Amino acid sequence: MAFKKADAPTPAEQSSADESPRDPGSPAPGTTVASAHAAACGTVDIRPDGIAIVTLDQPDAKVNTLSRMTMEWFDKVINDLAAMPGLNGAIIASAKQGNFIAGANIEEMRAVQDREELVAMTHGANRILDKLEALPAPVVAAIHGSCLGGGLELAMACHFRIATDDRATKLGFPEVQLGLFPAAGGTYRAPRLAGIERALELILTGKQVDANKARRMGLVHEVVHPADLLKVSLEYALRNPPQKKKGGWLGKLPALGSVLPSFAEVKESVLEKGPVRTYILKQARESVRKSTGEHYPAPYVAIDMVEKGLAVSREDSFAAVEQTFADLAFTDVAQNLMSLFFLRQGALKTKGGIKRELKAREIPRIGVLGAGLMGAGIAQACAYSGIQVRLKDVDMKAVGRGLAYCRARFDEMVKRQRLTPVQRDLYMGNISGTADYAGFSLNKLVVEAVFEDLDLKRRVLQEVESALPEDAIFASNTSSLPIADIAKGAKRPENVIGMHFFSPVHKMPLVEIIRAPLTSDQAVVDTLALTLAMGKVPIVVRDCAGFFTTRVLGPYMNEAAYLIQEGGDITDIDRALAEFGFPVGPITLMDEVGIDVGAKVCEILWKAYGDRMKPPASLERIVQDGRKGRKNGRGFFRYDGDRKGTADETVYDLLPGGRNRRSIPIEEIQDRCWLAMLNECARSLDENIVSDPETVDVGVIFGFGFPPFRGGILRYADRVGARTVVARLRELEDRFGKRFKPADCLLEMEATGRGFFK
Ligand code: NAI
């Protein structure tokens, strides 16, 4: 580590240098401390008042991560600051746009093959953060942008945290989503700052909170406008004179007593003791069990580590964390979830197979046709992303219902304190309603979400084409109709594309972009850009009935319907697939989607693909009985208002076998359903509807919740092995017919021993 003379100070720095009293021991004003280490990951400027500004700026990266290189550099910086006479305080900031520190470097972590190496890595990070915390002068984390995982743990090792009220500023522990838990002090420090319950809320859900929520939780001391971040951070850094450190972390508390006034209070009031603590931890375990069952070990381990952090010595607790973290990281679940992270990153970078460099056009406003469930959902999601929306339906009454739906979504956000009422009103102001095409001449893109009816969609397309600019894109949200069929008769078929959202739009991350044979590259690029601007995850697929997602969901849902027709019990079938790891069982899903809608889609798929997609005859009887699912309170389940009740046994009266149900083994239910889906995924690859296995896995996980801990349907198939998969499909084909005939690529894999990813 070397000291080097900084560039000449700016006039502002010079004037503040002239005013501030100089500690005789402090370094010269305007001195920059820079690492002699070649790979500097930021700068360290020493101000005339003895405050060091450490600005993280990882080279060649959009965001800062706690990579080996960053930590090595940071370690040297802290050593230098610790040894620096006259250090009055330090501010840790970031030079990255919209990012403080995004967390650990997952790529590096995943590359570690040796358990002991991972233990050493975690131990090293903990030692560095301990040194940061033990610096003899106040250290302030100046947080602007994402402050996640290891980034938040670093911030928590600082004595103060000041965060901006910018939308980009988010704090949280996403580790559980990777099958891990925060192992760099998170399970130890978070409960001490926020209380056990709130710390667990962050650690177990992976949810990210804004600065205001973080302040209410006790994680952040002050929330400021970005323009005031440095000023306020400096005030905090200057708040206390340097103190002499007294031993370890707890030992130095008296020395920094005034720096950490809240800690003493926290110790007294928030670290719930005895039975209260036991109760909170028990509740946490129960709530994890309820929401994810036993599939994800990380949340349980995280609770154990929080408990340990409160029960044993600090050293023992950190040692346990480091060992347990390494054990967890090498489990299949964590490895699958880390792969999923990279799959998602890959999807966010997709160019949809377009080779040439083509720039997306700015789409500041869009039109939405149809203000029903999907149209209103799309309008709300766009408005929330700052895009102006013109929402059209057949009359103002329908438009009003759509606007009310949007407003209700924003109201929920206000209720959850994710928005202020003023922000809600501003976002609502992005949506205007109309019963004609007034204002559409300004739109470069229109999303169509009228009824699933080919003639209607064609008519609407022809109408809107004359109201739109020549180069405007028509993106249909159809869930099953081929885009080429909708584009028939269009004046500009090259501008017609599929943009398939999932319900409910504000919750579901996937958007399936469907490219028809005549769709232009520009339409694909623009639709991709809009998807990303909405914060969604895109996959680009080729055109066919049902595209990719509906096409592979069809056989899965059909199989569940066959199981009921054969005498299976609704609850058993749902439970089997929920135990497999789906968020809800297929019968619940049918009720949610709408049995009438599902049946209509099944018909379209049957027509397009023949008998392998033929739905069971009894499905039609159920539709004819007026059962639409949740929306009319009559489906496979009973409904009491919004509350879903138990299975409605009267539905069995419409089926062969009546109420006399038989028990089907859970493995048979699971295999029939997931293998039906897998077989269709494999066919979609054979037919080049999807270009690669990654797209399949992103589609099934983000589109309808294929269990993430299995890493995706194809990754899971690889684990099971092509030979076993094909053998099981053949067995099912013998019993249930051609719909289980293995797809070509599965047969090839069986013969060659290859897999989708290997
Ligand atoms: P919905 O029935 O809730 O809404 C359709 C809306 O279109 C109605 O408000 C209707 O008045 C309006 N409409 C009819 N003719 C119109 C016209 N000429 N101009 C403007 N508006 C018109 O239907 P939903 O569920 O929103 O579905 C819309 C589309 O989205 C369908 O193509 C459907 O297949 C697709 N989709 C539906 C999903 C779902 O879960 N409901 C999921 C993904 C796609």
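Colleague: What makes Leu605, in helix H24, count as buried or exposed?

Modeller: Leu605 is found in helix H24, residues 595-609, where helices (H or I, at least four residues) and strands (E, at least two) are DSSP runs numbered from the N terminus. Buried means under 20% relative accessible area, exposed over 50%, and partly exposed in between, with a 1.4 Å probe and protein chains only; Leu605 has 2% relative accessibility and therefore counts as buried. This is a predicted model, in which local features need pLDDT of at least 70 and side-chain atom pairs count only at pLDDT 80 or more, while totals for chains, interfaces and linings use all residues. Residues are numbered from 1 along each chain as its sequence is written, and side-chain values use heavy atoms, with hydrogens and water left out.

Colleague: Which residues are in contact with Leu605, leaving aside its neighbours within four places in sequence?

Modeller: Contact means heavy atoms within 4.5 Å, and on that basis Leu605 touches Ala545, Gly546, Thr550, Arg551, Gly554, Gly610 and Met613. Arg551 is 54 residues away along the chain, yet its C-alpha atom and that of Leu605 are separated by 7.1 Å.

Colleague: How do you know that the buried residues of helix H22 lie on the same side?

Modeller: In H22, residues 570-580, the buried residues are Ile570, Ile573, Asp574, Ala576, Leu577 and Phe580. The arc is that of the directions from the helix axis to the C-beta atoms, and because these residues cover an arc of only 155 degrees, they are on the same side of H22. An α-helix has 3.6 residues a turn, so residues three or four places apart point the same way. What covers the buried residues of H22 includes helix H21 (549-565) and helix H26 (666-686).

Colleague: Why is Thr478 called buried, and what does its side chain lie beside?

Modeller: Thr478 is in the loop between strand E17 (473-476) and helix H19 (483-487), and its relative accessibility is 0%, so it counts as buried.

Colleague: What makes strands E13 and E14 a pair?

Modeller: Two strands pair if DSSP finds at least two bridges between them, and E13 (residues 365-369) and E14 (residues 388-392) have five, in the parallel sense.
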